[in-house]
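Open the model in your viewer and keep the selection panel at hand. We will go from stop to stop.

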Amino acid sequence: MTVLLVIIIVALLGITFWQMSKMFKLSKPVNSNDTQVADNKDNQTQGKLMLAFVVFLYLFMFYSFWEYSRFYLPEAASEHGTDYDQLMFISLALIMFVQIITQGLLHWFSYKYKGEKNKKALFYADNDKLEFIWTIIPVIVLAGLIIYGLFSWNDIMNVEETEDTLVVEIYAYQFDWRARYAGEDKTLGKANVRFIEGVNQLGLDESDPYGKDDIIVNELHLPKGRPVLFKFRSQDVLHSAYFPFFRSQMNVVPGMITQFGFTPTTTTKEMRKSEYMVDKVENINEIRDERSKELVANGEMELEDYEFDYYLLCNKICGASHYNMQMKIVVEEEEDYNEWIKKQQTFQELTAQN
């Protein structure tokens with residue numbers, strides 16, 4: 001019933017505005033120019049409006065870049081992230097350069113060559129030289145961007161497994177993540193969702209000796225400066241492992257293993273001390289302090305101060321609690337990582353307790 005009333009009201013408003021436009025038309029002086037054909041005055045007005053619009057467009061664009069640049073992510077925290085950001089900014093610079101020139105010329109010519117009485121437009125069918133120029137230049141530029149992108153892509157996807165490479169399995173399920181590290185044998189044991197039972201949440205094959213020293217955690221720790229190869233599995237639906245500060249993302253597909261890798265370059269502590277993050281955390285905590293005053297006034301608990309941490313997020317809408325899919329990532333020095341990994345419980349120890 002409510003929807004029907006809204007439709008009726010909208011229809012009545014439309015009819016009202018239509019009738020008002022007819023009244024304004026009838027109220028015009030008899031000697032007014034009512035023709036639908038544009039005259040010199042109309043063309044002058046439209047030409048100036050075209051110039052005014054493009055000036056406004058550029059001013060608004062530059063203002064937006066300046067004002068909202070604080071929402072950019074800080075410098076990448078992975079080796080390949082620098083190339084990734086550079087490729088993005090090169091692409092953006094080329095797009096803006098072409099856009100400024102083409103839109104500027106379009107609006108300037110709309111003003112300069114506006115219609116005037118007794119002026120005839122010059123027309124010719126084609127120009128081979130111009131067509132060659134505006135075809136070959138985009139081809140060369142796009143080819144360069146694509147080749148650059150392919151090299152960056154290969155660096156991320158084709159991680160060479162050496163003795164120094166840390167192999168970590170990331171396991172996704174509604175609505176959480178788990179990470180699995182190889183033990184002293186440096187080999188991940190076999191796993192299959194059909195083996196999931198009780199404490200064996202990741203479906204490790206208990207008959208596989210390589211899996212006995214595997215370590216399963218719900219907080220991902222990574223050593224700075226060491227190549228990491230991630231292997232992804234999904235228990236149920238399509239998820240997407242998103243590492244925003246490391247400029248990496250990979251779909252996690254049920255029934256198959258996907259992978260990529262990167263080398264962390266900035267520890268969590270170092271990122272917290274960066275100028276970008278200090279300003280951001282300070283701004284967030286100011287907002288939280290104001291919110292806490294309202295909560296305390298209503299007899300509720302105040303909010304804790306925010307502290308930055310890296311997080312692994314799910315970038316696919318995978319269900320009702322999709323927003324809960326996040327896992328804390330700690331990037332630390334090699335010595336700290338080694339100390340942490342030694343304290344973790346192996347799969348064999350976990351099953352022995354149950």
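This is a predicted model: local features need pLDDT of at least 70, side-chain atom pairs count only at pLDDT 80 or more; totals for chains, interfaces and linings use all residues.

Residues are numbered from 1 along each chain as its sequence is written, and side-chain values use heavy atoms, with hydrogens and water left out.

**Stop 1: the sheet.** Select β4, β10, β9, β6 and β7, in that order. These five strands form an open sheet with mixed pairing. Strands here are DSSP runs (E, at least two residues), numbered from the N terminus. Two strands pair if DSSP finds at least two bridges between them. Now colour the edges: β4 (220-223) and β7 (248-252) each pair on one side only. From one strand to the next, the twist averages 25 degrees (axes are lines fitted to C-alpha atoms; angles run from 0 to 180 degrees between N-to-C directions).

**Stop 2: one pair.** Select residues 310-314, strand β9, and 326-332, strand β10. They run antiparallel and share four bridges. Zoom to Tyr 311: its bridge partner in β10 is Lys 328.

**Stop 3: the cysteines.** Cys 314 counts as buried because its relative accessibility is 7% (buried is under 20% relative accessible area, exposed over 50%, partly exposed in between; 1.4 Å probe, protein chains only). Finish on Cys 318, which is also buried, at 7% relative accessibility.
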